[in-house]
Amino acid sequence: MFFKTKGDPIADLYEDIAAEEKARATYQWIINLSDDPDLNDGLKYLREREIIHSQRFREAVEILKEERDKQLYF
């Protein structure tokens, strides 16, 4: 198995956010092309899942930034 990391958790999370946003945009593009309600339901679920993942990664970035800033004051 191969993992792509920069060694900086914040940079890695920003890459994860970008990947989630790219997937979300791809699902939306396919939804816009499709007239199949069953396919669109599945794609909408996947799109929403990508949005939630992106939000959680953003929350993790904020937590890491807060922890990093706390360490700078000691």
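A residue is called buried when its relative accessible area is under 20%, exposed when it is over 50%, and partly exposed in between, with a 1.4 Å probe and protein chains only. By that definition, buried residues make up 19% of the 74 residues in the protein chain. The model is a predicted one, in which local features need pLDDT of at least 70 and side-chain atom pairs count only at pLDDT 80 or more, while totals for chains, interfaces and linings use all residues. Residues are numbered from 1 along each chain as its sequence is written, and side-chain values use heavy atoms, with hydrogens and water left out.

**Overall architecture**

- The protein chain has two helices and zero strands; helices (H or I, at least four residues) and strands (E, at least two) are DSSP runs, numbered from the N terminus.
- Contact here means heavy atoms within 4.5 Å. Among contacts between residues at least 6 apart in sequence, 60% join residues at least 24 apart.
- The accessible surface of the chain comes to about 5900 Å², and 58% of this surface belongs to carbon and sulfur atoms. Such areas come from the Shrake-Rupley method with a 1.4 Å probe, and for residues only the protein chains shown count as cover.

**Helix 1**

- The 25 residues of helix 1 should span 36 Å at 1.5 Å a residue, and its end C-alpha atoms are 36 Å apart, which agrees. The expected span is 1.5 Å times one less than the number of residues.
- Its buried residues are Ile-10, Asp-12, Leu-13, Ile-17, Glu-20, Tyr-27 and Ile-31.
- At the start of helix 1, a side-chain oxygen of Asp-8 comes within 3.1 Å of the backbone nitrogen of Ile-10.

**The loop and the residues around it**

- Ser-34 is placed in the loop between helix 1 (9-33) and helix 2 (37-72). Its relative accessibility is 18%, so Ser-34 counts as buried.
- A polar atom of the Ser-34 side chain lies 3.0 Å from the backbone nitrogen of Asp-36.
- A polar contact of 3.1 Å also joins the side chains of Ser-34 and Asn-40. The term denotes a pair of N or O atoms within 3.5 Å; within protein, one must be able to donate a hydrogen and the other to accept it, and residues adjacent in sequence count only if both atoms are side-chain atoms.
- Asn-40, found in helix 2, is buried because its relative accessible area is 11%. Not counting residues up to four places away in sequence, Asn-40 touches Ile-31, Ser-34 and Asp-35.
- Ile-31 lies in helix 1 and counts as buried at 9% relative accessibility. Apart from neighbours within four places in sequence, Ile-31 is in contact with Asn-40, Leu-43, Lys-44 and Arg-47.

**The annotated binding site**

- The UniProt annotation "binding site", from an unreviewed entry, covers Glu-20 and His-53. They span 34 residues in sequence, yet no two of their C-alpha atoms are more than 6.8 Å apart, so they gather at one spot.
- UniProt positions are given in the numbering used here, feature names are shortened, and annotations may be inferred rather than shown by experiment.
- Glu-20 lies in helix 1 and is buried, with a relative accessible area of 14%. His-53 is found in helix 2 and is partly exposed, at 32%.
- The side chains of His-53 and Glu-20 make a polar contact of 3.4 Å.
- Leaving aside neighbours within four places in sequence, the contacts of Glu-20 are Glu-50, His-53, Ser-54 and Phe-57.

**Salt bridges**

- The structure holds seven salt bridges, each defined as a side-chain nitrogen of Lys or Arg within 4 Å of a carboxyl oxygen of Asp or Glu.
- Arg-24 forms a salt bridge with Glu-21, with the closest N and O atoms 3.1 Å apart. Both residues lie in helix 1, three residues apart, about one turn of the helix.
- Glu-21, Arg-24 and Arg-58 are linked in a network of salt bridges.
- Arg-56 and Glu-59 meet through their side chains in a salt bridge (3.0 Å, N to O). About one helical turn separates Arg-56 and Glu-59, because they are three residues apart in helix 2.
- Asp-69 forms a salt bridge with Arg-68, the closest N and O atoms being 3.5 Å apart. Asp-69 is partly exposed at 33% relative accessibility, and Arg-68 is partly exposed at 40%.
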